[in-house]
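Here is a short report on a protein model. Look at the chains, then read on.

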Amino acid sequence: MGFLALQSLTKRYGDFSAVQDLDLSVGKGEFVSLLGPSGCGKTTTLQMIAGLVEPTSGKIMLDGRDLTHEKPNKRGLGIVFQSYALFPHLSVAENVAFGLEMRKVNRAARDARVKDVLALVRLTGMEDRYPRALSGGQRQRVAVARALVIAPPVLLLDEPLSNLDAKLREEMQFELSRIQRSTGTTTIMVTHDQAEALSISDRVVVMEAGRMTQVDAPYRLYENPATAFISSFVGKMNRLDGVWRQGGADIRGVQLPCAPSEMSENTPTTFAIRPEKIALCATGSGQIDGTITNAFFLGDAWLLHVETAAGMVAVSMPNRGEEPARAGMAVGLSWPPFALRAEGPAERPS
Amino acid sequence: MLKNGPVALLFHTLVVGFVLAPLVVICLVAFTPENTLSMPWRGLSLRWFRAIFDHPDFVISFQNSLLLGLLSATLSVAIAVPAGLAIDRYSFPGRDAINALFLSPLIIPHLVLGVAFLRLFALLGATGDFSWLVASHVIVVTPYVLRLVLAALNGLDRSVEAAALTLGASPFTVFTRITAPLILPGISGGWLLAFINSFDELTMSIFVTSPQTVTLPVRMYMYATESIDPMMAAVSALMIAMTAAAMVVLDRIFGLDKILVGQR
Amino acid sequence: MTTNRVTPWLLVAPGAVLFLGLVLVPLVLTGVLSLHGYNHTTGIQPDFTLAHYRAVLSDDYYLGIFWRTFRIAALTTLICALIGAPEAYILSRMRDPWRSVFLLVIIGPLLVSVVVRAFGWSMLLGSSGLVNQAMQALGLPSTRLLYTETAIVIALVHVMLPFMAIPVWTSLQKLDPAVEAAALTLGASPFTALRRVVMPQVTMGMLSGSLIVFGLSASAFAIPGLLGGRRLKMAATLVYDEYMHELNWPLGATIALLVLIANLVIMLAYNRAVEARARRTLG
């Protein structure tokens, strides 16, 4: 059993199941993300772990101790709230010291701990500022410091980066990862941003409508999404409807090689391929030919829309310093044999 | 997320009981068949409601208060809307002073206003004149309207007006077609609040009304200090019913909590 | 901002003229009036004197009424704070629809005429009123409540409660509910969280509520008029009597102006305190 274990954790509001039979085991020092769209139950799960929401049934175990009915102030977990929830009337140092004060840590030890933690989150010198005088990123760091100062066995992060602008968000992602690694604190982060979850987690838990649908390392989740929902939610994906025929894909009459699957012959099937797996080549030399209808320059990459006999295909190419193609050009498309996957039965027969 | 405990709910129940008790008692006593102020233990009767119509002075006072409320609320809107626009939209010398002048009746006790008006009206020979009474009520209720108008203007997205201008509307059209409809809930909420405040005003009015212009609250106060019979309860019950109706209307058009919480 | 010079003046002019004429002028006239002498047979004298101010500020009768007014207003303010602030907190933790319903119950009576509410209390507290009946049913002796300071304070608390609940409610609305949860997760007990995190942030609301409640209570007229009887006077009923029964307008004006000055002094002192506090907490 893991360090933190959720056992058939369930939360119902009347007839509505916010979280249904969640089983999850988190190892010590692990960074796990709960990923899903809003309303999927990820925040409710976090609040149950924090003790702010009472589970309808199931158990929460921490290092062999049953936390399920423990009051939030007795759990000793560190929580970073989405709004940060800093105490507006207390200075940075007083905010961070609050948890130690509640634990009756003496002043000298308290001051030393606060100093260490503020150094860890790179806020040395900001001790006497008030929250309203801080930038978004600084407030975020104070919230993290306040949660970490009590040396919690588990750190819970509720959408910690959602209130920051894009550039700062990327910076803080790596910052959070650095802090987590240097303290070795077991961390659970709730997020709806797949890029955030993929980049800093050891494992990602995908939730859909209150249920856990896949738990995997970020790379495996990206390469082998378990459901159609995950494949479209995590990263970009070309999805083409066709039929499984003779061990490969038949999309609108075009035969294409495909990764092996257990589909039976002639089943209407949705096929999926990531845009970055496709390369341009001379017409006739790839798996399929097409015409570029649009070319979008994204800075670090190009996104091309290619009209083919199998349908519209998006192709992403890294920017190598030259214009690879223009709208109107006829091109061939090629990809490694198994990049095209049968994702499952088609939602509607083609 | 966080819930109230049983102690909190008990406290809450007691507070709600305390707040409602006098109003409930009035509404019950109003239906008593007895000659004295007593609970209608032995059946209900409308006799004290009928008794009101045998007191023409009450009926006249009600008419006075109604007319006074309608006129002063309307005039205060006519003053507060342009003043609010000027204060919100323009930067001019003395703006803060003007704003403070308009809001000053909120911090001057009504008692003092009453005494001051009485002196002015006496010197002008205008004591007991209805139009001067209206003017005095306009002073008292305008701050309420102005605050709601300013709040409404403040909550308005200025880019909407800019959009109308770029689409070719004249400033006047922008006001009539865009600004006015958007702040209308604030204006109508302010009007009703002004009406209620004027209708209920006692402390200032008692100094400046004459026997001909006595308002309903003043009449009720005089009556209550002299005699005690259930007719007073019947009149009060009617006023509570009227207020409740006004509250429902206010709630519909603006959200009562917003208006009252926005008040001082 | 638009820099048009004439338009704003045209917009504020009608109101400004009315307010100057009907707020400033009458106040100045009242100030002048309070300086005129008064004779019981010939009425207001043309001469100027400070006699009324001297009389009011040295006569035990008037000082007694001022002291009672202060005492009642202070007690009302204290009780309103003790009831209104916790009630606003309880309301803020309720869920809709209860939250909206009870918010209306608490602040709605604001719209009911004070005369009506005072009359309701006079029925409840009268010698044969419900409160006394209930006390007798419990075997307690019948107590005289009506025409006592207790009655005035009870009814004033009833009238003033919304003025305390509203600012506290407003400051609670600004408070991020996660802040209290954050204190709990850091190990604070619910009481500690309330004391250390919620209380400091509603203090401003309570202060502004207290100011309004004190100011309105100190100049309240209908409640002492109907529940205090003829003998138990407060500042406002005293002024009324000087005007309507003694016909000594200059003396009445003097008392009214002293009430106004006391009100303004308290308000200024409060603003100072608020500014000092704001400077401290905003860094």
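Chain A has 9 helices and 20 strands. Helices (H or I, at least four residues) and strands (E, at least two) are DSSP runs, numbered from the N terminus. This is a predicted model, where local features need pLDDT of at least 70, side-chain atom pairs count only at pLDDT 80 or more, and totals for chains, interfaces and linings use all residues. Residues are numbered from 1 along each chain as its sequence is written, chains are lettered from A and ligands numbered from 1 in the order in which they are written, and side-chain values use heavy atoms, with hydrogens and water left out.

## Chains A and C

The C-alpha atoms of chain A fill a box of roughly 75 × 50 × 30 Å along the principal axes. For chain C, the C-alpha trace spans about 75 × 75 × 35 Å. Chain C contains 12 helices and 2 strands. Its elements run α-β-β-α-α-α-α-α-α-α-α-α-α-α from the N terminus on.

The table sets out values for the two chains. Buried means under 20% relative accessible area, exposed over 50%, and partly exposed in between (1.4 Å probe, protein chains only). Accessible areas come from the Shrake-Rupley method with a 1.4 Å probe; for residues, only the protein chains shown count as cover.

| Chain | Residues counted as buried | Accessible surface | Share from carbon and sulfur |
|---|---|---|---|
| Chain A | 53% of 350 residues | about 15600 Å² | 50% |
| Chain C | 54% of 283 residues | about 12600 Å² | 68% |

A contact means heavy atoms within 4.5 Å. In chain A, take the contacts with a separation of 6 or more: residues 24 or more positions apart account for 66% of them. In chain C, among contacts between residues at least 6 apart in sequence, 67% join residues at least 24 apart.

## The nonpolar cores

How many residues does the largest nonpolar core have? It has 170 residues. Such a core is a set of buried Ala, Val, Leu, Ile, Met, Phe, Trp, Tyr and Cys residues joined through side-chain atoms within 4.5 Å. B:Phe102, B:Phe207 and B:Met220 have the most contacts inside this core. Helix 7 (residues 149-174) of chain C gives the largest share, 16 residues. A second, separate core has 79 residues, including A:Phe31 and A:Leu157.

## Where chains B and C meet

At this interface, 85 residues of chain C are in contact with 85 residues of chain B. The area buried between them is about 7700 Å², and carbon and sulfur atoms give 81% of that. Buried area is the accessible area (1.4 Å probe) that two parts lose on being put together, summed over both. How many salt bridges does the rule find across the interface of chain C and chain B? It finds 0. A salt bridge is a side-chain nitrogen of Lys or Arg within 4 Å of a carboxyl oxygen of Asp or Glu.

## Helix 3 of chain B

Is B:Gly69 buried or exposed? B:Gly69 counts as buried because its relative accessibility is 0%. This residue lies in helix 3 of chain B. Leaving aside neighbours within four places in sequence, B:Gly69 is in contact with B:Phe195 and B:Ser198. B:Gly69 and B:Glu201 are 132 residues apart along the chain, yet their C-alpha atoms are separated by 9.7 Å.

B:Phe62 also lies in helix 3 of chain B. With 30% relative accessibility, B:Phe62 counts as partly exposed.

## Salt bridges

The structure holds 22 salt bridges over all chains. One joins A:Asp193 and A:Arg169 (3.8 Å, N to O). A:Asp193 sits in the loop between strand 8 (186-191) and helix 7 (194-200) of chain A, while A:Arg169 is in helix 6 (residues 166-183), 24 residues apart. A:Asp193 is buried, at 19% relative accessible area. A:Arg169 is partly exposed, at 24%.

In chain C, C:Glu180 forms a salt bridge with C:Arg93, with the closest N and O atoms 3.2 Å apart. These two are 87 residues apart, and C:Glu180 lies in helix 8 (residues 177-185). Finally, a network of salt bridges links A:Arg122, A:Arg141, A:Glu175 and A:Arg178.
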